[in-house]
Amino acid sequence: SLVCPNPQSIQCRVKSTRADWQTTGQVYICNNQVGGTCTNSENSSPCLDYEVRFLCDCPEPTTTEPITTEPTSSEPTTAEPTTVNSCRWTRWLDRDNPSGFGDYETLADFHPSLVCPNPQSIQCRVKSTRADWQTTGQVYICNNQVGGTCTNSENSSPCLDYEVRFLCDCPEPTTTEPITTEPTSTEPTGTGLHMQ
């Protein structure tokens, strides 16, 4: 299967230029529960060709302890491949109330102890109801490089009070290759075998 049933986040971009969808000016839905959709009739020009990727299986960071086993026979022992994936969401962050010009939770506004400098993803929601920002109908920017911003003058009603969280420290999963070793013996057994 190419995707997981319940992705935690999504990223959408133009396939040819790799530009984030929010820079295109097109009406586009980028939602981890739905995917990415663009409808020609909702735009003044034909939809661009987009691509998406989903964030799956992002547990809290875990540390695995080394395991040592003694061979019990003359058969080689093989360590099974393991996948290590370390990533974390920040706590939900709300910098201000939607007064004045709007509601702003930008990356630059938060202390470095609360966020990482280059988040891989972002989630934005209404603080009081926890509803995803895309369900509100408001003009809102939810971008991992900028943060979350809503401007009153761009909406028919005052901005809601939003909160955001960022995904940090999530490298590509790495897989350790299986390693096969020969057990120790009083008989000559050669140099052993290293499986790549």
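Me: Why is the disulfide of Cys-12 and Cys-30 called right-handed?

Reply: This is a predicted model, to start with. The torsion about the S-S bond of Cys-12 and Cys-30 is about 90 degrees, so the disulfide gets the right-handed label.

Me: And what makes Cys-12 and Cys-30 a disulfide?

Reply: Their sulfur atoms are 2.0 Å apart, and the cut-off is within 2.5 Å, so the pair qualifies. Cys-12 sits in strand 1 and Cys-30 in strand 2, so the link ties together parts 18 residues apart in sequence.

Me: How do you know whether Cys-12 is buried or exposed?

Reply: Buried means under 20% relative accessible area. Cys-12 has 3%, so it counts as buried. Cys-30, with 8%, is buried by that rule too.

Me: What makes Cys-150 and Cys-159 a disulfide, and which hand does the link have?

Reply: The S to S distance is 2.1 Å, and the limit is within 2.5 Å, so Cys-150 and Cys-159 count as joined. The torsion about the S-S bond is -90 degrees, and the link is left-handed. Both Cys-150 and Cys-159 are buried.

Me: How do you know that strand 8 and strand 11 pair?

Reply: Pairing needs at least two bridges. Strand 8 and strand 11 have 5, in the antiparallel sense, so they pass. Gly-102, for one, stands opposite Thr-151 in strand 11.

Me: Why is strand 11 called mostly covered?

Reply: Of its 5 residues, 4 are buried.

Definitions and conventions
Residues are numbered from 1 along each chain as its sequence is written. This is a predicted model: local features need pLDDT of at least 70, side-chain atom pairs count only at pLDDT 80 or more; totals for chains, interfaces and linings use all residues. Side-chain values use heavy atoms; hydrogens and water are left out. Buried means under 20% relative accessible area, exposed over 50%, partly exposed in between (1.4 Å probe, protein chains only). Helices (H or I, at least four residues) and strands (E, at least two) are DSSP runs, numbered from the N terminus.
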